[in-house]
Amino acid sequence: MPLDNQLIAYVALALLTALVISFLMTPVVKTFAYKVGAVDVPKDARRMHKVPIPRLGGLAIFIGFMLSVLIFGNVRGSGQMQSILMGSVIIVVLGVVDDIMALPAMMKFAVQIIAALIPALNGVVIQAFSNPNIFSNSLYWVLGPLSIPITVLWIVAITNSVNLIDGLDGLANGVSAISATTMLVIALLASEADVAIVMAALVGACVGFMPYNLNPAKMFMGDTGATFLGFILATMSIQGLFKFYAVISFAVPFLILGLPIFDTTFAFVRRIAHGQSPMHADRGHIHHRLIDMGLNQKQAVATLYVISAMLGLSAVVLTTGGEQKAMLFFAALCIVAVVAARVVFPKEIREELHEELEELTGHASHEGEKPEPEKKDDSHA
């Protein structure tokens with residue numbers, strides 16, 4: 001499918017603008033974070049850093065994103081886009097306050113629902129998705145009156161899922177950038193200009209903040225950034241993926257956002273299986289397990305980047321080449337990843353990973369079938 005050169009130019013400008021603004025605003029936001037006391041002090045074993053590091057980096061990401069979208073996006077002509085941006089403002093304000101003074105979890109949850117309702121009540125809804133039952137004659141499910149509740153559930157779940165993987169330097173930022181890049185590519189292939197420009201702005205804003213957030217991090221994005229990224233990815237997946245790929249949409253968004261979805265789901269199941277509250281913070285996230293197996297922060301983050309990219313590439317193939325090609329492509333990537341892991345990782349780490357997987361699968365078979373929700377992991381970077 002030929003690409004629109006004018007659209008490519010606008011996308012490139014939107015990405016570059018967001019990148020530059022985000023990069024230049026980060027030192028300003030860093031100074032502000034110190035003044036208001038938004039500093040992450042390592043006080044438990046879940047935190048990977050050893051010295052106090054300022055939060056609020058997400059504010060720089062938000063500013064870069066917002067200015068780029070206002071300049072290049074079709075905001076005035078789209079009430080749905082206005083509702084998404086309005087909801088994101090609420091999420092960012094909530095995140096800033098939470099990064100300065102810790103807020104009760106239920107209060108944050110309630111505000112997140114309100115923010116999710118704004119786009120949901122303005123037409124940004126999941127109206128249908130493909131039927132996972134391959135034996136059914138119906139190709140997809142029309143949600144009808146369940147559209148708004150399921151949409152709100154999706155937005156709030158993804159918003160918190162991205163926040164929960166924010167546990168190593170650059171992890172949530174990089175995974176979000178990879179997911180946004182995947183959506184950008186799909187939008188370009190489908191010539192969906194509005195979605196492409198918004199995703200380009202998000203990619204640029206993430207990349208602009210990246211030099212400050214990579215290990216060793218000089219600044220964290222905080223709840224401000226993690227929840228904002230999750231909110232935009234969730235709402236724009238509805239605008240782009242669920243809307244334009246109705247027949248295969250059940251798989252595409254879950255592939256693109258597969259890493260945070262899996263980590264959150266696994267954490268909830270793990271905690272319930274151990275008789276804990278699903279909101280009980282622990283040190284059992286995927287990134288913690290990789291660290292405990294002997295990887296350093298850079299290796300663990302790189303591993304999760306590769307997994308996220310593999311899922312994203314599979315989603316692109318799924319939207320362009322169909323299910324069979326996507327499955328073959330994903331299988332080939334898995335084989336390559338296994339071979340690469342044997343080359344890159346020492347034998348001790350590979351053996352520990354094998355034992356970890358055996359323990360997990362064995363534990364899952366004994367401990368019952370309750371799925372488990374989780375609490376946000378505040379151990380930024």
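The model is predicted. I began with helix α3 (residues 79–100) and helix α4 (residues 105–120), whose axes come within 7 Å and cross at roughly 165°. Angles over 145 degrees count as roughly antiparallel, and α3 and α4 are therefore roughly antiparallel to each other. I noted the crossing of α3 and α4 as left-handed.

Next I listed the contacts of this pair. On the α3 side I found Ser 83, Ile 84, Met 86, Gly 87, Ile 90, Ile 91, Leu 94 and Asp 98. They meet Lys 108, Val 111, Gln 112, Ala 115, Ile 118 and Pro 119 in α4. By class, I have nine nonpolar, three polar and two charged residues in the contact of α3 with α4.

I then turned to helix α6 (residues 171–189) and helix α7 (residues 193–213). Their axes are 8 Å apart and the packing angle is about 155°, so α6 and α7 are roughly antiparallel to each other. The crossing of α6 and α7 is left-handed.

In α6 the contact residues include Ala 177, Ala 180, Met 183 and Leu 184. In α7 I noted, among others, Met 199, Leu 202, Val 203, Cys 206 and Phe 209. The contact of α6 with α7 divides into 15 nonpolar, five polar and no charged residues.

Last, I looked up the totals. The protein chain has 14 helices and four strands. Of its 381 residues, 52% are buried. The accessible surface of the chain comes to about 17100 Å², and carbon and sulfur atoms hold 69% of that surface. Among contacts between residues at least 6 apart in sequence, 76% join residues at least 24 apart.

How values were computed
Residues are numbered from 1 along each chain as its sequence is written. This is a predicted model: local features need pLDDT of at least 70, side-chain atom pairs count only at pLDDT 80 or more; totals for chains, interfaces and linings use all residues. Side-chain values use heavy atoms; hydrogens and water are left out. Axes are lines fitted to C-alpha atoms, for helices over the stretch in contact, and angles run from 0 to 180 degrees between N-to-C directions. Helices (H or I, at least four residues) and strands (E, at least two) are DSSP runs, numbered from the N terminus. Angles under 35 degrees count as roughly parallel, over 145 as roughly antiparallel, 65 to 115 as roughly perpendicular and the rest as oblique. A crossing is left-handed if the near helix is turned anticlockwise from the far one by less than a right angle, and right-handed if clockwise. Contact means heavy atoms within 4.5 Å. Ala, Val, Leu, Ile, Met, Phe, Trp, Tyr, Cys and Pro count as nonpolar, Asp, Glu, Lys and Arg as charged, and the others, Gly among them, as polar. Buried means under 20% relative accessible area, exposed over 50%, partly exposed in between (1.4 Å probe, protein chains only). Accessible areas come from the Shrake-Rupley method with a 1.4 Å probe; for residues, only the protein chains shown count as cover.
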